[in-house]
Amino acid sequence: MSLTINYEGRREVVKPTPTQSLSVILQRACEKFKIPLSNHALYDAKGKELDLSLSYRLSGLASGAKLEIKRRAASTARASVLVGLQLPEGGRVQASFPATTRLWDVLLHFEQQAGEGTARLNLTRRMAEATSTGDKKRKADVEPAEGHYLLPALTYMQREVATVADLYRNTLQDLGLDGNGLLRLNFRPTETTLEGVQAELEALQASEAQRLEQHKKAEERKAQLKAAEMERVKRLTEESEKMLDAEREELLRRGKEEAEAEEEARRKQEIERLVVLKEKEMEETFREMERAAFEQTQVEHMRAAMRAHFGQAGGSGTSTATSTSTSRSPEPEEKPRGDGDRMEVEAQQPPKPKPAKKEPVKLEIPDRELRVLPPTDRPFNPKEFEVPESFYEATTDDYRVALQAIKANRMRIEEETQMRTKEMKEKDRLRRIPKYRKTLIKVRFPNRVEVQATFHPLEKAQAVFDLIKSSLAHPDRPFYLFTTPPKERVDLKRTLLSLVMVPAAIVYFSWEDNSGPAVEYLKEELVRDIADQMPAPVSFPQSQPTPSSAGALAALGHADEPPARQPPRGGGARDYSNVVPKWFAAGRK
């Protein structure tokens, strides 16, 4: 028979006898693991604590069972133990003790208790006299007499404690008592005297006090080491934080310097580019001025030649014309101009007028044209429409639209490959947006009622919010506007143009707290006009209703009168119900 006992990953094998108690098995295992017996208990494989007062035979453990030693929790450890002491004379006394009480203190406590009658028990100071035959006679007197000392021996569950040192060092918990237990007392003769026993007890007390003092010093030393370690860790943490802060500041400084250097380089490149552009512009201006001067000279030459030809001034006129013609070169030679000539030309040019301050643009807010649109009775069903074959044939307009899309895509690719700033891209986007003077905004409520109004594209979304708030039956209840998909709240600080709500858009309404009671959304005077603004019923051509469509029509209230089939717009009587497009028929082959 053997038991496998585990403790914190270590394993030991203990071979008990059938009559051996579990407390003795625990003591043997603790000795092998070199751990104290106090505050430890045996647990089976299911985690259940075993009763240490039972013997191995009565514990129900099989041979080869696996047990585990665990430290008892403070809540499970018993505060007191009821101890019964069986005396050699046949009497029995009992009392309650803390589980950490020494066995020697238990005997001293029973000595102080009153026995039968008025006599006190003598358990720790009994003496015996040796006879000639070797027998030992017990002495019943309370006061010790000369002779040998009778040592008290306690037995619990076949475990005997029969030395003064074991009685002083072991506690009820070390003996395995849990809850209650019975100790059997016997006396064994010794060769020592009472004074020797008292001296041994004093030595044990001194060693115990020394051990407690050492333990206290060790705990104080441990606390000091822990405090020093915590102080060192705190100091290292502060130093590491300072180093990290310094590294972070250094990285920020380097990043700032690099950013400044990049900004300076970019500024220099921009200045150089502007200088080159300005030089090119000035060169173009000089060429235009030279060209204009040359054209003026040619005109004057032509006028002089005409005056000489018609003889308006006779010979003098001819000489004058000749002198005039000779004084002016027929074709001025182009000479390279230096920086000085450019400065003179710039000085001769009139100063440019300063740009006037831009006045804020006044928006021409259009008439709101507020309308309340009722929900449609029937949802849109694309299956109800039939398209003729000519719809799938490409026309000239289709080719033109496709060509424009190709050109736009090519321009977009060219723009994306160029180095452009965000402001340039935004200007191009705004330039491509068509210019609209007004935009149509529809606000759709959860009951599918729509409020339609007209706004200026440069108005902010706050204007739409204020208009809807003034139209609500409960304007004090918070709400918000959103667009979908994806669902996104409308930024009230942005303009309708920046929100891409031009030339028209649909915005949805929702309460901030949807858990409130259901109430009417719009004012009564606005909802009252829905009946007058109800659109005329529209009949759509459709085929024979299927069971599913018939159920849908019945849900709408039109199951008894399905809409009649209408002829196509061309006016002919051709039926397209069984016609299949050519491209679809070619794909099925």
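Some ground rules: the model is predicted, so local features need pLDDT of at least 70 and side-chain atom pairs count only at pLDDT 80 or more, while totals for chains, interfaces and linings use all residues. Residues are numbered from 1 along each chain as its sequence is written, and side-chain values use heavy atoms, with hydrogens and water left out.

**The whole chain**

The protein chain holds 13 helices and 17 strands; these are DSSP runs numbered from the N terminus, with helices being H or I of at least four residues and strands E of at least two. Out of 589 residues, 26% count as buried. Buried here means under 20% relative accessible area, exposed means over 50%, and partly exposed is in between (1.4 Å probe, protein chains only). The accessible surface comes to about 42600 Å², and carbon and sulfur atoms account for 53% of that; such areas come from the Shrake-Rupley method with a 1.4 Å probe, and for residues only the protein chains shown count as cover. Take the contacts (heavy atoms within 4.5 Å) between residues at least 6 apart in sequence: 64% of them join residues at least 24 apart.

**Helix α1 and its surroundings**

Helix α1 covers residues 22-33, and its 12 residues reach 16 Å from first C-alpha to last, close to the 16 Å expected at 1.5 Å a residue. That expected span is 1.5 Å times one less than the number of residues. Its buried residues are Leu22, Ser23, Val24, Ile25, Leu26, Ala29, Cys30 and Phe33. Among the elements covering them are β1, β3, β4 and α4.

**Strand pairs**

Two of the strands that cover α1, β1 and β3, turn up again in the table as partners of β4. Two strands pair if DSSP finds at least two bridges between them.

| Pair | Sense | Bridges | Residues standing opposite |
|---|---|---|---|
| β1 and β4 | parallel | 3 bridges | Thr4 and Lys66 |
| β3 and β4 | antiparallel | 4 bridges | Ala41 and Lys70 |
| β15 and β17 | antiparallel | 4 bridges | Tyr480 and Ser510 |

The β15 and β17 pair belongs to an open sheet of 6 strands with mixed pairing, in the order β12-β14-β13-β17-β15-β16. β12 (371-373) and β16 (488-489) stand at its edges with a single partner strand each, so one side of each has no neighbour in the sheet.

**The nonpolar cores**

A nonpolar core is a set of buried Ala, Val, Leu, Ile, Met, Phe, Trp, Tyr and Cys residues joined through side-chain atoms within 4.5 Å. The largest one has 36 residues, and Leu85 and Leu183 touch the most other members. Beyond its neighbours within four places in sequence, Leu183 is in contact with residues including Leu85, Leu154, Tyr156, Leu172 and Leu175. Apart from this core lies another of 28 residues, among them Ala453, Phe455, Trp511 and Tyr521.

**A buried arginine**

Arg126 sits in the loop between α2 (103-112) and β7 (127-130), and it counts as buried because its relative accessibility is 12%. Its side chain makes a polar contact with the side chain of Glu89 at 2.9 Å. A polar contact is a pair of N or O atoms within 3.5 Å; within protein, one must be able to donate a hydrogen and the other to accept it, and residues adjacent in sequence count only if both atoms are side-chain atoms. The backbone oxygen of Asn122 also lies 2.8 Å from a polar atom of the Arg126 side chain. Not counting residues up to four places away in sequence, Arg126 touches Glu89, His148, Tyr149, Leu150 and Phe187.
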